[in-house]
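Good morning, and thank you for coming.

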Amino acid sequence: MKKLLVILSCIISFGALAQSPASPPAVASQKVGNTQVLIKYAKPSVKDRLVFGTKEQKALVPYGEVWRTGANEATTIEFSNDVLVQGKPLAKGVYSLLSIPGSSEWTIIFNKEAKMWGAYTYKADKDALRVTAKPSEHAKTEQFTIGVSETGQVTLDWDKTSVSFYVK
């Protein structure tokens, strides 16, 4: 009997370990000119929730507030060389990639503190660069996704919102 209980408990434990996390890790990597761009992030899902909107609407990601641009740890973005982001200079290195969503404009933040959980310890005085980008509407994307093209377009897609910024 004890053997059977041990076997059953092992099967249940292994089954729990085999389940995928709610916000699985992901990587976007692309060479843009001579520069390697590497983005590490976690992919939350919509799950029938209002993703972007106001606090009053009880949006998952409220307009006007700093967001980790993903789930779990803050998303990181690494550049192997100095780059221009939306035409503004940014030194090579690893940054947390945060954002402040808005209905008509987003602020994209590159913060020198690459290791942080969410945006809870975010400090604006550690920002290396802030740029703006315009959101657009597109077909629904259930899981948050970041893509990087060979031309340097970095696109954030989630729910019915898409936001892009450009790296050279």
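Is T132 buried, partly exposed or exposed? T132 is partly exposed, because its relative accessible area is 39%; buried means under 20% relative accessible area, exposed over 50%, and partly exposed in between, with a 1.4 Å probe and protein chains only.

A word on the source. This is a predicted model, in which local features need pLDDT of at least 70 and side-chain atom pairs count only at pLDDT 80 or more, whereas totals for chains, interfaces and linings use all residues. Residues are numbered from 1 along each chain as its sequence is written, and side-chain values use heavy atoms, with hydrogens and water left out.

To stay with T132 for a moment, this residue belongs to strand β10, residues 127–133. Strands here are DSSP runs (E, at least two residues), and helices are runs of H or I with at least four residues, numbered from the N terminus. Leaving aside residues up to four places away in sequence, T132 touches Q86, E105, W106 and T107, where contact means heavy atoms within 4.5 Å. The C-alpha atoms of T132 and T107 are separated by 4.5 Å, although the two residues are 25 apart along the chain.

T69 is buried, because its relative accessible area is 0%. Its side chain makes a polar contact of 2.8 Å with the side chain of S99. A polar contact is a pair of N or O atoms within 3.5 Å; within protein, one must be able to donate a hydrogen and the other to accept it, and residues adjacent in sequence count only if both atoms are side-chain atoms. Beyond four places in sequence, the residues that T69 touches include L97, L98, S99 and F144.

Now to strand β8, residues 93–100, where six of the eight residues are buried. β8 pairs with β5 in the antiparallel sense over four bridges; two strands pair if DSSP finds at least two bridges between them. Within β8, V94 is the bridge partner of E78. β8 also pairs with β9, residues 106–111, in the antiparallel sense, over five bridges. One of the bridges to β9 joins S96 to N111, and β8 and β9 form a hairpin with five residues between them.

What of the aromatic residues? Rings of Phe, Tyr and Trp (its six-membered ring) pair if their centres lie within 6.5 Å; planes under 30 degrees apart count as stacked, over 60 as edge-to-face and the rest as tilted. By this rule the count comes to ten aromatic pairs. In one of them, the rings of W67 and F144 have centres 5.3 Å apart and planes at 70°, so the pair is edge-to-face. W67 lies in the loop between β4 and β5 and F144 in strand β11 (residues 135–148), so this pair ties together parts that are 77 residues apart in sequence. F144 also forms an edge-to-face pair with W158, at 5.9 Å centre to centre and 65° between the planes. Here F144 lies in β11 and W158 in β12, so the pair ties together parts that are 14 residues apart in sequence. Both F144 and W158 are buried. One aromatic cluster is formed by Y41, F52, W67, W106, F144 and W158.

Thank you for your attention.
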